[in-house]
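I opened this model to look up its overall build and one residue of interest. My notes follow.

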Amino acid sequence: MDTREQVLAFFEKCDELKKCKFIMATTKIKDILKCIVNCPDLYNLFSVVTKDFDYPLVKSKCLVSVNDGVFTRSYIVMPQTVGHRLGFVFCLLVEFDKDTINFNDFLRRYFPEDGSYYASYHAFCDTVIKGLKDAVAQVFKEDLERAEQNAAVPPASDPKSAMISTIDMLISEEKQYLSSSREVPDSEREGGIAMLIQLSEAVKNCNEELINALVCGYNYFVLYNKCVSEGVEILINELAAFEQVI
């Protein structure tokens, strides 16, 4: 399967989970995880976002419980960045699959709705599974658009397409981090973002020489401004791996 076919197969598994009877939910969750393992581009994506991912920390921020003095109310706050959203939902589904978190208890606690499992299950799908599907669609947006325009899509045997999509996502998150950083002066911030934009273009054009120059420049920028994000090491490692295939 090429990239588009892998993504569409994944979407189909997500839709099957949303449409299935509640009693079949854990089986369909297992099917989603199998689809990720069996699709090279998706497997590469989730390998990247879960590498060095601090799931317990993110989980503690996403699964919220508030006591008003009488009742305890629990709810989910989905991560804002695409990478953390992918990592969080993937790890959560693995916990359901391994039953380290009981799916029924989870629904009852975080999606109480009207008290029925039916309503809770659909609320879960509309929040968590839709969030996962939308995040994957965002990462592979260009691949899907190229296919719709009947352009040639690189085959799955060529790892460059998936790696470019993943790197583009990581660069976007780095730009988001830099934009919200209070430690970096505005003049410096603009320069850093400009480097990241050029780096994204260099990756899409497979310009190894320019990638090397921009990585060195951005490394210096990060160290000089002491603005080391959680994802910058993953980005640098993924760029190094990308250079091996171009």
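I placed each charge at NZ of Lys, CZ of Arg, CG of Asp or CD of Glu. On that basis the protein chain has 26 positive and 37 negative side chains. The centres of the two sets lie 6 Å apart.

The model is predicted: local features need pLDDT of at least 70, side-chain atom pairs count only at pLDDT 80 or more, and totals for chains, interfaces and linings use all residues. Residues are numbered from 1 along each chain as its sequence is written, and side-chain values use heavy atoms, with hydrogens and water left out.

Next I looked up the fold. The protein chain has 12 helices and two strands (DSSP runs: H or I of at least four residues for helices, E of at least two for strands, numbered from the N terminus). The order from the N terminus is α-α-α-α-β-β-α-α-α-α-α-α-α-α.

I then checked burial (under 20% relative accessible area, 1.4 Å probe, protein chains only). Buried residues are 46% of the 246 in the protein chain.

Then I went to Ser 74. Ser 74 sits in strand E2, residues 72-76. Its relative accessible area is 8%, so Ser 74 is buried.

I listed its polar contacts (N or O atoms within 3.5 Å; within protein, one able to donate a hydrogen and the other to accept it; residues adjacent in sequence count only if both atoms are side-chain atoms). The Ser 74 side chain pairs with the side chain of Ser 65 at 2.8 Å. Another polar contact, 3.4 Å, links the side chains of Ser 74 and Arg 109.

How values were computed:
Buried < 20%, exposed > 50% of the residue type's maximum accessible area, 1.4 Å probe, protein only. Lys, Arg positive; Asp, Glu negative; His and termini not counted.
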